Amino acid sequence: MKHNRRMPHFLLGAALTAVLATAGIFPGAAAENRTPIESIRLHINSTIESGSSSGHVYIETTDKEYRVGSSEITNEYDNWKGGMRPRVTFSLYASSGYYFKSSSKSLFSFSGDDATFVTAKREDDKSTLTVTLKLDKLENGDLTVSGLSWDESSGTACWDENASAKSYQVRLYRNDSSVTSNRSTANTYYEFAGDITRKGDYYFEVRAVGSGSEKGDWESSDTWYITSSEADDLSYEYYPSSSGGPGVSSSVSGSSGGYWCLDQYGWWYRNTNGSYTVNNWQVIDGLWYFFNKSGYMRVGWIPWNNQWYYCGPDGALMANTRTPDGYYVGGNGVWIP
């Protein structure tokens, strides 16, 4: 008696796979017939420079197994500055009969400008490789500052912008003696009116600060001679109440002439007429001080007209700087959140 024996299903499937593969119509057979690209050698040439708002990254190869498509810089910056690292994305296209073996970092080697592999992704049946690279940090470039000048109406130091600078340092001199320590600003100006308290020849110095610790050379402004009355006007008008500064009442003196007194409760200021300021601000020798309801000088944070101000250890109002506890106060002494 004959029995009809059927091939087991798993053996039938294996046999069919072998037949299809032999015939060249099994899915994946086409990929196996292509040659894998096992290394990618790229030459990088960047024209991006600190201080510019443009630039390109050119990527080339001498290999014939693939070609390089156009590149795109992906950083969202209007101006390039020292310390920035340009990122560029581009595609590689496998030549006919080739495919990219993987998207691993180990496939890549670079020449020309220094670059670091970030990521890669295979597409289009492994025939396209989309790559992202990161270039080295840009150098700062020229950190020279020019165009130094005085705005004599407000006692403001001004200079031209340096596109390579991240910030600036500035300091004030009177008769070749230092008036202020180094102060930092991101602007191309600095208000020195509150530091101009007596007659003399004033000038300021400024330098650009790039990435890291690199700084440009100090540049000096022309000298500006200021009389005693001009100094009084500048320092007195430095915190006008209309601009949101402390302001003073009409009964508070705007000039010195009295003298400081110290007792068991603290410092207070006796005016020439024997009076003393209570719960208000007073300018003394060009600097602003706050006195509490008992007439004693306050230090630290002062709430006034819905604003916060800071008086340093000597009692003088601080401005255009950071307070000892790390907060920034602007040109009129107001805390800037």
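A salt bridge is here a side-chain nitrogen of Lys or Arg within 4 Å of a carboxyl oxygen of Asp or Glu. This is a predicted model, in which local features need pLDDT of at least 70 and side-chain atom pairs count only at pLDDT 80 or more, while totals for chains, interfaces and linings use all residues. Residues are numbered from 1 along each chain as its sequence is written, and side-chain values use heavy atoms, with hydrogens and water left out.

**First selection: salt bridges**

The salt bridges number six. Select Lys101 and Glu38, whose closest N and O atoms are 3.8 Å apart. Lys101 sits in the loop between β6 (98-100) and β7 (108-112) and Glu38 in the loop between β1 (35-37) and β2, so this pair ties together parts 63 residues apart in sequence. Helices (H or I, at least four residues) and strands (E, at least two) are DSSP runs, numbered from the N terminus.

Next, select Asp63 and Arg41, which meet in a salt bridge at 2.4 Å, N to O. Asp63 belongs to the loop between β3 (57-60) and β4 (66-73) and Arg41 to strand β2, so the pair ties together parts 22 residues apart in sequence. Is Asp63 buried or exposed? Asp63 is buried, with a relative accessible area of 10%, and Arg41 is partly exposed at 47%. Buried means under 20% relative accessible area, exposed over 50%, and partly exposed in between (1.4 Å probe, protein chains only).

Ser46 is part of strand β2 (residues 40-46). Leaving aside neighbours within four places in sequence, Ser46 contacts His56, Val57, Asp113 and Leu135; contact means heavy atoms within 4.5 Å.

Move to the loop between β25 (321-322) and β26 (328-329), where Thr323 lies. Thr323 counts as buried at 4% relative accessibility. Beyond its neighbours within four places in sequence, Thr323 is in contact with Trp301, Tyr310, Met318 and Val329.

Select Asp151, Glu152, Glu230, Asp232, Asp233 and Asp285, which form a negative surface patch. Patches are made of residues with over 30% relative accessible area and no salt bridge, like charges being joined within 9 Å and nonpolar side chains (Val, Leu, Ile, Met, Phe, Trp, Tyr) within 5 Å. Helix α3 (residues 228-236) supplies the largest share of the patch, three residues. Asp285 is found in the loop between β21 (280-284) and β22 (287-291).

Terms used: Accessible areas come from the Shrake-Rupley method with a 1.4 Å probe; for residues, only the protein chains shown count as cover. Lys and Arg count as positive and Asp and Glu as negative; His and the chain ends are not counted. The place of a charge is taken as NZ of Lys, CZ of Arg, CG of Asp or CD of Glu.
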